[in-house]
Each structure stands twice: as C-alpha cells, then as structure tokens.
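Work through the exercises below with the coordinates open. Each task is followed by a solution in steps.

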Amino acid sequence: MNVLSRLFTTDSIHLNAQASSKTQAFEIACQYFATKLQIPSDTLLSFLSAREALGSTGLGFGVAIPHGRIKGLQEPCAAVFKLLTPIEFGSPDGKPVSLLIFLLVPENATQAHLEILAAIAQLLTNPQSRDQLQNETDPEKVRDLICDWEALQ
C-alpha cells in the first residue's frame, strides 16, 4: 500500500479511451469526474485547462499528469485514462501521450496533496512501472500496479 492506494478503484481505470486531442481527453475525463463528484464538467474543465495553460503537464515518454485544484472538492480524486491513439500534448520530449493520470485536489491543497502528485510523477518516470502501465490491459491489474508500487528511497 502507498499514498496512491486510496485514490484508485477499478472504475477509475479507463483503458480504451478515445480522444483525438488534448481538449477531447480533458472533456472525457471531466465527464467521468463530474458524475463521480457531482461537480459540473465545465467547472472541472476550466480548472484543469487553467493549470494546463501554465505549462504542459506532459512528462515525456508518452505520459502526462493533468491536475488541478478544484474549488469545493473535499478529498483528492484520481483516474487513469489510456488512449487508443496517442495525442499531441506539448510534452518536453515532443512525443505524443497515450497514458494520462488525472489528479484533482481540493482548492487549498496541502503538503499531502503535493506528495500524491510527486508519487504519480515518480511512478510514471520509472521506466519499468511506466512500461507495465502502458502495456497492461486489465483495469484491476493496473490498479494493483499503482497501489503496490513503491518509490525507491
């Protein structure tokens, strides 16, 4: 178990998402979160888009961590979206993105929320875990990979 284990459930893992652009990927994720959190999709989209306007959340290697502080949110919430076709994302290495882990945190994010973001970044920049996540086809196994993953200290 790790700091990510309470954030991910099998229903938060979407392995066959279809999006042809960053905007469309954000819209699909916001529809999922809107249903789960009872927060309007356009509200979520505006917060995520505002963060993305500051700079791409693409890490390189085909992965990204779109994230934002959400007014009215009480607890962090996350979801994985693996796209069927990689999309342009403005990542530092110029490679398209196919694996996105969205993270929403309360507006008044704390150190704990920053630790969640750091843990996701470490997970996705680790070549072995990143490859496993990009190649896995079973949502439950993806969840297990995330929840059982431990950063090298």
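**Exercise 1: a charge over a ring**

The charged end of R130 sits over the ring of F61, 4.1 Å from its centre. The criterion is NZ of Lys or CZ of Arg within 6 Å of the ring centre and within 35 degrees of the ring normal. This is a predicted model, in which local features need pLDDT of at least 70 and side-chain atom pairs count only at pLDDT 80 or more, while totals for chains, interfaces and linings use all residues. Residues are numbered from 1 along each chain as its sequence is written, and side-chain values use heavy atoms, leaving out hydrogens and water.

Task: find what K22 lies over.

Solution. K22 lies over the face of F89, at 4.5 Å from the ring centre.

**Exercise 2: the helix that holds R130**

Task: identify the buried residues of α4 and state how they are arranged around the axis.

Solution.
1. Helices are DSSP runs (H or I, at least four residues), strands likewise (E, at least two), numbered from the N terminus.
2. Buried means under 20% relative accessible area, exposed over 50%, and partly exposed in between (1.4 Å probe, protein chains only).
3. The buried residues of α4 are S129, R130 and L133.
4. They cover an arc of only 100° around the axis, so they are on the same side of α4; the arc is taken over directions from the helix axis to the C-beta atoms.
5. Exposed residues Q128 and N135 are carried by the face turned away from that buried side.
6. The cover over the buried residues includes β3 (63-64), β5, β6, α3 and α5.

**Exercise 3: aromatic pairs**

Task: classify the pairs F26 with F89 and Y32 with F81.

Solution.
1. Rings of Phe, Tyr and Trp (its six-membered ring) pair if their centres lie within 6.5 Å; planes under 30 degrees apart count as stacked, over 60 as edge-to-face and the rest as tilted.
2. The structure holds 5 aromatic pairs.
3. For F26 and F89, the centres are 6.3 Å apart and the planes at 50°, so the pair is tilted.
4. F26 is in helix α1 and F89 in the loop between β5 and β6, 63 residues apart.
5. F26 is buried at a relative accessible area of 3%, and F89 at 1%.
6. For Y32 and F81, the centres are 6.2 Å apart and the planes at 75°, so the pair is edge-to-face.
7. Y32 is in helix α1 and F81 in strand β5, 49 residues apart.
8. F26, Y32, F33, F81, F89 and F102 form one aromatic cluster.

Conventions. Contact = heavy atoms within 4.5 Å.
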